[in-house]
Amino acid sequence: MSGRVGSPAKYRFEDRFLFIIVPLFVLDGILGIWGFHYHHLHPAGALAVFCATAQSSPIIAFIFIIGLYLAEEKDEFQKSVLVQSMLWAIGATLAVSTFWGSMEKYSQAPHMDIAWVQFLFCAVMIVAIGANRWRYR
Amino acid sequence: MEDRMLFIGMPLLVANIALAIWGIGYRHLHAAGAYLPAILFALLGVAFIVIFGLYLKEEQDEFQRDLWVQALLWGIGATLTVITLWGSLVEFELAKGLKLIFVFPLFMLITCIARLVLKLRYR
């Protein structure tokens, strides 16, 4: 049996993830399967706004939940590791997006959709968290 | 940071402006030559990121560093929120596509506003 007591902020983060993000992803999946997202029903006006909001809501909710976790976390070391990882991620994401954006502008490089910025940020952040944990192991 | 901005950032900015005025950056160059303005333009952004990263690493005043880190975190959160929402609006043809090159200025704008608000909060 592990004697470690986890951080309450982490528990709250996990609870919020489970009870807010997961249902939003399920809603997103249902909307996607029913074809709202894939223009089978050609959503327009208020329905299109609803679909766009529903599609982006899990990621926006995740950003808010991470922010709440950072505000509530008492363990300065854990907070510092996450903040450092986020700063590395934003640095790398901005460097790549600026470089690719200028290539698009000046050298007719293929257009990269803006949605890829979040995935790039998350990928770099996960690598940075791993690297930081390994560094402070 | 000021020295680095003055001796690295400023010359890159001047080179960028010179290229823009001479029109080299506006699709007059072809093939390999077109990479020069692209790389020069990106180099300015990358140099700023590296210089700012070095500043955060070297800053001894914990309070000042904390203010900047808080502002950067607000910048990250708000930028990613705007991008996510904008991307979805584009998918449903409710907005025009946002170019990748505007991500950095958007982030800078939000971070500067957040820094100002934090400065007012702790004045």
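Tutor: We start with a definition: a residue is buried if 20 or more other C-beta atoms lie within 10 Å of its own. Keep in mind that this is a predicted model. In α3(B), the residues that pass this test are P37(B), A38(B), F41(B), A42(B), L44(B), G45(B) and F48(B).

Student: What makes T98(A) count as buried?

Tutor: T98(A) has 24 C-beta neighbours inside 10 Å. The cut-off is 20 or more, so T98(A) counts as buried.

Student: Where is T98(A) found, and which residues does T98(A) touch, not counting those up to four places away in sequence?

Tutor: T98(A) belongs to helix α3 of chain A. Leaving out residues up to four places away in sequence, T98(A) touches A42(B), G45(B), V46(B), I101(B) and F104(B). Two of these names, A42(B) and G45(B), are also among the buried residues of α3(B).

Student: How many residues of each chain are in contact with the other chain?

Tutor: There are 36 residues of chain A in contact with 36 residues of chain B. On the chain A side, α2 (45-72), α3 (76-107) and α4 (116-135) each supply at least two residues. The largest share, 18 residues, comes from α3(A). By class, that side of chain A has 24 nonpolar, 10 polar and 2 charged residues.

Student: Which residues meet where α4(A) and α4(B) come together?

Tutor: V117(A), Q118(A) and F121(A) in α4(A) meet L80(B), I83(B) and T84(B) in α4(B). That contact has 4 nonpolar, 2 polar and no charged residues.

Student: How do you know that the span of helix α3 of chain B is close to what is expected?

Tutor: Helix α3 (residues 35-58) of chain B has 24 residues.

Student: How many helices and strands does chain B have?

Tutor: Chain B has 5 helices and 0 strands. Buried residues make up 25% of its 123 residues.

Methods
Residues numbered from 1 in each chain as written. Chains lettered and ligands numbered in written order. Predicted model: local features only at pLDDT ≥ 70, side-chain atom pairs only at ≥ 80, totals over all residues. Contact = placed C-beta atoms within 7 Å. Nonpolar A, V, L, I, M, F, W, Y, C, P; charged D, E, K, R; others polar. Buried ≥ 20, exposed ≤ 12 C-beta atoms within 10 Å, placed from the backbone. Expected span 1.5 Å × (residues − 1).
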